[in-house]
Amino acid sequence: MRASLDQPLPNGGWIRAIRQALGMSAKDLADRLGVSQQTIPDIERSEQALTVKLETLRRAANALECDLVYALVPRNSLDAQVKEQARRKAAEHLRSIAHHSRLEDQSVTADESMAQIEELAAQLVDRRGLWAESTSPR
């Protein structure tokens, strides 16, 4: 089972859940970490509050004979994210051009508009500033 920040931690957090499953007291864990017994509830609370430091998690994992796995897992492929952002930027840029074209009675069809978006998006994919908030492509 994978946990994420969107999913709740086990009741009391992973450190407490594993410590208790091992039958390890807070004092035992404190001794293994070389900290005071009172530090363990502080660590467990900070884990629940999502404010625990990665180094603290790493040390606790080692003391619990566990591996800490830290990963950012993209929801979609990175390539797909870049292409979608390029399409958004291209559409945003071309929207202002289309507005001026309509004022001059030179509007394009929906198919032509989509082709223009795809063409500009392909150019934007490999450019810096793709994720910047400005509307003009570089």
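A nonpolar core is a set of buried Ala, Val, Leu, Ile, Met, Phe, Trp, Tyr and Cys residues joined through side-chain atoms within 4.5 Å. The model discussed here is predicted. Its largest nonpolar core has 13 residues, of which Ile15, Leu29, Leu33, Ile40, Ile43 and Leu64 touch the most other members. Helices H2, H3 and H4 each supply at least two residues of this core, and H2 gives the most, with four residues. A second, separate core consists of eight residues, among them Ala86, Leu120, Leu124 and Leu130.

Leaving aside residues up to four places away in sequence, Ile15 touches Leu29, Ile43, Glu44, Glu47, Leu57, Ala60 and Leu64.

The axes of H1 and H3 come within 6 Å and cross at roughly 130°. The two helices are therefore oblique to each other. The residues that make this contact are listed by helix below.

| Helix | Residues in the contact |
|---|---|
| H1 (residues 13-21) | Gly13, Trp14, Ile15, Arg16, Arg19 |
| H3 (residues 39-48) | Ile40, Ile43, Glu44, Glu47, Gln48 |

These residues divide into four nonpolar, two polar and four charged.

The protein as a whole has six helices and zero strands. Buried residues make up 22% of its 138 residues. Of the contacts between residues at least 6 apart in sequence, 62% join residues at least 24 apart. The accessible surface comes to about 10200 Å², and 51% of this surface belongs to carbon and sulfur atoms.

Technical notes
Residues numbered from 1 in each chain as written. Predicted model: local features only at pLDDT ≥ 70, side-chain atom pairs only at ≥ 80, totals over all residues. Heavy atoms only, no water. Axes fitted to C-alpha atoms, helices over the stretch in contact; angles between N-to-C directions. Parallel < 35°, antiparallel > 145°, perpendicular 65-115°, else oblique. Contact = heavy atoms within 4.5 Å. Nonpolar A, V, L, I, M, F, W, Y, C, P; charged D, E, K, R; others polar. Buried < 20%, exposed > 50% of the residue type's maximum accessible area, 1.4 Å probe, protein only. Areas by Shrake-Rupley, 256 points an atom, 1.4 Å probe, with all protein chains shown as cover.
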